[in-house]
Amino acid sequence: MSEFKDMIQEDIKEIFLDPEMFGEMHTVAGKEMAIILDDAEKLKRTEQYQDDKAIYSKRIFFYVAAEDLGKLPELGRVIDVDGRDYAVLQADQEDGIYSIMAEEYRG
């Protein structure tokens, strides 16, 4: 791995997801970890999932360290965030961090 990529990996937890900087502690998939909930990005991406009635259940968008969550969640997989179940609508990985859009699951 290049020196630059090593620095990015260190910055994920030491800056970006650090609870004293930008991160917040939440329980995801049964484990407490630092994530960033991003309401602005959620609104932007929600437009992609609008139906003709524009009725939604609760949606969240968050960033999490890949090493904390493990395998990138598959679309449709149910993931527990703070005791509420959400179905994954979108999950992307870039340089050791996941961005996840999920909708409250009603099974």
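**Strand pairing and charge contacts**

His 26 has Met 33 in β2 as its bridge partner. The model is predicted: local features need pLDDT of at least 70, side-chain atom pairs count only at pLDDT 80 or more, and totals for chains, interfaces and linings use all residues. Residues are numbered from 1 along each chain as its sequence is written, and side-chain values use heavy atoms, without hydrogens and water.

Strands β1 (residues 24–28) and β2 (residues 31–37) pair in the antiparallel sense over five bridges. Strands are DSSP runs (E, at least two residues), numbered from the N terminus; two of them pair if DSSP finds at least two bridges between them. β1 and β2 form a hairpin with two residues between them. Ala 29, in the turn, has a positive phi of about 55 degrees. β2 also pairs with β3 (residues 59–65) in the antiparallel sense, over three bridges. Here Ile 35 stands opposite Val 64 in β3.

Three salt bridges are present (a side-chain nitrogen of Lys or Arg within 4 Å of a carboxyl oxygen of Asp or Glu). Glu 103 forms one with Arg 59, with the closest N and O atoms 2.9 Å apart. Glu 103 lies in β6 (residues 97–104) and Arg 59 in β3, so the pair ties together parts 44 residues apart in sequence. Arg 59 counts as buried at 9% relative accessibility, whereas Glu 103 is partly exposed at 22%. Buried means under 20% relative accessible area, exposed over 50%, and partly exposed in between (1.4 Å probe, protein chains only). Glu 74 and Lys 71 meet at 3.6 Å, N to O. Both are exposed.

Methods: Helix = DSSP H or I, 4+ residues; strand = E, 2+ residues; numbered from the N terminus.
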